[in-house]
Amino acid sequence: MKQLQDLARKLLSDGTVNVVIGYESGPRGIRPAFITAPEQADKLVFNIHCVQNLATYLNPRRKQITQLGKVAVVVKGCDARAVAGMIREKQVERGNVVILAMRCGGVLENSGTDTDLTADTVSVRCAGCTDREPKLFDHILGELPPEPPVNTRRTDQIAALEKMTAAERWNYWTDQLSRCIRCHACREACPMCFCVKCTAEKTQPQWIDPSATPRANRAWQTMRVLHQAGRCVDCLECERACPEHIPLGMLARYVADAVEKRFDYVACEDPSQAAPFGVFSPSDDEEFIR
Amino acid sequence: MSSKVVEETVSSWSPKVLAFVCNWCTYTGADLAGTSRLKMDPNVRVIKLPCSSRVNPLFIIKAFERGADGVIVSGCHTGDCHYSTGNFHARRRFAILHDLLHFMGVEADRVTFAWVSASEGNKWQQVVNETTERVKQLGPFGGFGKREGGGPQ
Amino acid sequence: MNIYQPHLMRIREITDETIDTRTLKLEFEDPAFAEQFQFSAGQFGEYSVFGEGESTFCIASPPTRAGYIECSFKATGKVTQALRRLDVGDTVGFRGPYGNHFPLEEMKGHSIVFIAGGIGLAPVRSVIWNVLDLREQFKDVTIIYGARTVADLVYKRELEVWASRSDLRLCLAVDPGGETPDWKGLVARIPTAVEQAVATAEDTFAVICGPPIMIKYTLPVLTKLGFPGERIYTTLENRMKCGIGKCGRCNIGPTYVCKDGPVFTAAQMRDLPQEF
Amino acid sequence: MTHSFLSHQGFAALVAELLAANKRVIAPVRAQDDPEQVDYMPIQKFEDAAFGLRLPRRSLKEFFLPPTEVLLHYRQTKAGIEIREVPTEAPPQVIFGATPCDAAALEVVDKVMGWDYRDELWFGRREATTIVSFLCSLMDSTCFCTAVGLGPESLRGSDVLLVPADGGYLAHVITPKGEALLQGHTAEVPAAALASAETAQSEARKKVENNLADIPAELSGWLAANFDNPLWKTLALRCHGCGACAAVCPTCHCFDIVDEHDSADSGVRRRNWDSCQTSLFTLHASGHNPRQSQSERFRQRIQHKFSIYPSRFGEILCTGCGRCSRACPGGMDLPNLLGEFVTLAQTEPEVSGQ
């Protein structure tokens, strides 16, 4: 922690950056912090409650932040993949962001819960993490904590759905998606949703109806998840933002797994790796094509 | 989806299938099937596009929303694309769409992907007839068209 | 009938004003409603194309011409593009009239300077014809109207009518570079045209409407000429949905443009938060 | 207002009777996706309800202003357009276990819905609904109802308020609608009940009172006077602009009106929830947007609730339920922020609007 605070103080006082985006202790648990003065650097913390993916604040749609100037951002390995994704897709310039990567031993599913990391409380996204020691960074901080327990809730759920009939799966998603109110919070919170104009807002033609009807909800989520294929870093900001608590992370995980299985691609920390839909291989599997 | 609405399937219902085909191979192949007088189910409506890579997943969703019971997406065999690599890219997108539709509970037989070359009139006939037959088995697909009951409550 | 339900109107006449601006003349389908329908110059309505949505425009015709209303719009978004695809005899929806209006009663017995830029002439036109239809109740009438190019001037036939009338002064202007070889008006921007055409603010009201940038640079000219903020009227546009103070979209600070406006004095605008 | 006593059995019988008569009954129910959480939902039997467990995640708003509702149906015929109206009368429904903050919110929103033009769709549902609130004991550190002039025992917007007492509830019968509902189900108030209810009320109040001091009247003026304060630029930094706050807010009522096709020649016009937090909310067709960044959009939300609404309708557009702070993925905290504003308003009177 001290190491992080000292570094932030230094970066701010020598003018390397104008703002350090990190975590602080808020009135109700850990929240994102925007440190603009060296003397505020003591506020910075990092612990298992730091669930938020701060890379989302680098998204160029966030004009209130881009206008602050040059940014340093505290990331976990998983978040660093979002930064890499934004660099890969030319949303962020590598030279314009100072990446302060934290070695990570997993985070909680629900920030603010007074508990240790257990198989029940650790975030599902930490399962099988290969980025506990981040690879994309300007500064890497902390000691590598031990590997967290594995929360299998989501993989179990996906496996259970796979076992169902198509009709059962349809009904499951109808149930879940019928709650959607089309507020698009999932999109706004997502680090990788950076389109200047979202398909959902295109009106000529109106590809996706704007109302929260079952048909429009399904079209919207199908489209959103497809657009995130190969982009999604599984940070679950969409799920955290959803006021209706729809298990959006499950869709995202399923598609990410499909992309990995089919194209051997994982949204990784290497910005130079080509996005899976920008390239192809003549030997791509086509078992589903007649 | 559990759409075997018995009352509807018994008598008059006949599936609507929408086909998105590429201009260069499948459309010509379908033309060949026609001029060869091959017998095909009349349930398929064809929309011609420049290339199978023009097919946006939203086309397929929209087709279902507006009442299609099945969709065919067809283009040149890989390696034969008029634009060299269009269908290679399309194939990647279709693969993920195919997987996601499966996960979200759309029966695989609702969406048929097929490569049909200009000389494969017979294959087009097969694709049309088999798709129609499978969609007939599945029954009407109202799922994507459902309008009421959205939002919480 | 709920308050969001529109009245049906038929398109009786279509006039293309410029390459992308069109005027529709509309008549209510229900003769009983048409009979009792009243509005004042400056009010607006929600016009709808069924299946496409609603859009907010002012009523561009004067209340002194009963039996129909007109609206002028530029085809930019989903609804206006759809409106443009309609033909004479087609049906549109209309909710209104909503909002406040220009204080014609207060202006009676005084001179009025009308200043408009581009399609901003639409709401001003409603007042102009209202005043011209009651011409003897007003003193001098001056109309200063400009657009980027000659092709962008709207209501061209009416501009000719106004030019030929001896009971008003018409001053037309186009931006430098927008003139044609046979252009007889000024080649100047609106603030300059106002400086040239308006001699005095005495006993005079100003009605101004146009793009924000035009208003921004014209207001100081009017102030210099001696117009107090309370005698300069303009009409604001904000994105609206309901038009009746519910949907929360058109607020500028505590002001609901749909209810407190759309007509404001320059003095009122000065006191609003600068968020428009 | 009168008092009567509703025994536990009487309460269960009342609910069962309504359900048997096919009335729509809404109550807090354990959430399907998370049994720890509670949502207001229609119930099929008394046992479905989970009273007194937790503050429901969403407010009652959706039962009066649904996330999407049809305003009209249209059909294009050869002769022109045919419109089919939607009914403005709603089927009767009874809500049990409302929190006082959610009930009060409806009355707050009534003002804008009835201002000049009366929104019959809203009032149709309001009139068809009987609301039975419970004395609230579900507060957490995010709640601040007392700061906005309400409280766990607030009667506003409710037809009946039930306060736990030995063997049942002390019923504050507030409206004729409430009286009609309880008719035949209540008994005389036992002597001990009044006292124990009073204790429960004051104890409930103690649980929330210290979360945030009462919001003084001058806050509204201070906010208006500080519209251009540079402070706003930094307040919304962590805001995603996702609008989850507006979705869960019992008083956020902004909406959009859109048309949708059913077929080439028929369709519907709908009213959908909308939020001032999205950039599209104020975007003009010309491309001009009066609220360019999240800073301005967040300012609008706060101004609307604590300055605009008070200045137009005489009261704060917030009932202190704290849902926005709980739902916010960015950790924005309304009570915390309000506390800071109040301090500023009181320490910088020279820029205050008062």
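These are my notebook entries on a predicted model with chains A, B, C and D.

**Entry 1. Confidence**

I looked up the scores before anything else. The predictor gives the complex an ipTM of 0.89 and a pTM of 0.91. For chain D I noted an average pLDDT of 91. In that chain, 98% of the residues score at least 70. A reminder to myself: where pLDDT is low, the predicted coordinates should not be read in detail.

**Entry 2. Chain A, two domains**

I went to the domain assignment of chain A. Domain 1 covers 2–141, and domain 2 covers 153–263. Taken over C-alpha atoms, the centres of the two domains of chain A are separated by 25 Å. I then listed the contact between them. Domain 1 of chain A puts in 16 residues, and domain 2 of chain A puts in 14 residues. I sorted the domain 1 side by residue type. That side has seven nonpolar, five polar and four charged residues.

**Entry 3. Chain A against chain B**

Next I looked up the contact of chain A with chain B. On the chain A side I found 41 residues, and on the chain B side 40 residues. Which helices of chain A each supply at least two residues of the side that touches chain B? They are H5 (166–177), H7 (214–228) and H9 (248–263). H7(A) gives the most, with nine residues. I sorted the side of chain A that touches chain B by type as well.

**Entry 4. Chain B, the fold**

I stayed with chain B and counted its elements. Chain B has five helices and four strands. Along the sequence, the pattern reads α-β-α-β-α-β-α-β-α. Of the 153 residues in chain B, 51% are buried. I also checked how contacts in chain B span the sequence. Among those between residues at least 6 apart, 84% join residues at least 24 apart.

Then I looked at the sheet. The four strands of chain B form an open sheet with the order E2-E1-E3-E4, and the pairing is parallel. Which strands stand at the edges? E2 (44–49) and E4 (111–115) of chain B do. Each has a single partner strand, so one side of each is left without a neighbour in the sheet. Direction ignored, neighbouring strands of this sheet are turned by 20° against each other on average.

I picked one pair to follow in detail. E1 (residues 17–22) of chain B pairs with E2(B) in the parallel sense over six bridges. One bridge to note joins B:Cys22 to B:Leu49 in E2(B).

**Entry 5. Chain D, strand E8**

I turned to E8 (residues 160–165) of chain D. Is E8(D) buried or exposed? Six of its six residues are buried, so E8(D) is largely enclosed by the rest of the structure. In a regular strand the side chains alternate between the two faces of the sheet.

I looked up the partners of E8(D). E7 (residues 129–134) of chain D runs parallel to E8(D), and three bridges join the two. D:Phe134 has D:Leu162 as its bridge partner in E8(D). E9 (residues 168–173) of chain D pairs with E8(D) in the antiparallel sense over six bridges. Here D:Val160 has D:Val173 as its bridge partner in E9(D). E8(D) and E9(D) make a hairpin with two residues between the strands. In that hairpin, D:Gly167 takes a positive phi near 80°.

**Entry 6. Chain C against chain D**

I finished with the contact of chains C and D. Chain C gives 31 residues and chain D gives 46 residues. The chain C side divides into 11 nonpolar, 12 polar and eight charged.

C:Leu8 is found in E1 (residues 7–16) of chain C. How many C-beta neighbours does C:Leu8 have inside 10 Å? C:Leu8 has 20, so it counts as buried. I listed what C:Leu8 touches, not counting residues up to four places away in sequence. From chain C the list has C:Glu29, C:Thr91 and C:Gly93. From chain D it has D:Gly80 and D:Ile81. I also noted one distance: the C-alpha atoms of C:Leu8 and C:Glu27 are separated by 8.5 Å. These two residues are 19 residues apart along the chain.

Terms used
Residues numbered from 1 in each chain as written. Chains lettered and ligands numbered in written order. Contact = placed C-beta atoms within 7 Å. Pairing = 2+ DSSP bridges. Axes fitted to C-alpha atoms, helices over the stretch in contact; angles between N-to-C directions. Buried ≥ 20, exposed ≤ 12 C-beta atoms within 10 Å, placed from the backbone. Domains from an automatic or database assignment. Nonpolar A, V, L, I, M, F, W, Y, C, P; charged D, E, K, R; others polar. pLDDT = per-residue confidence, 0-100.
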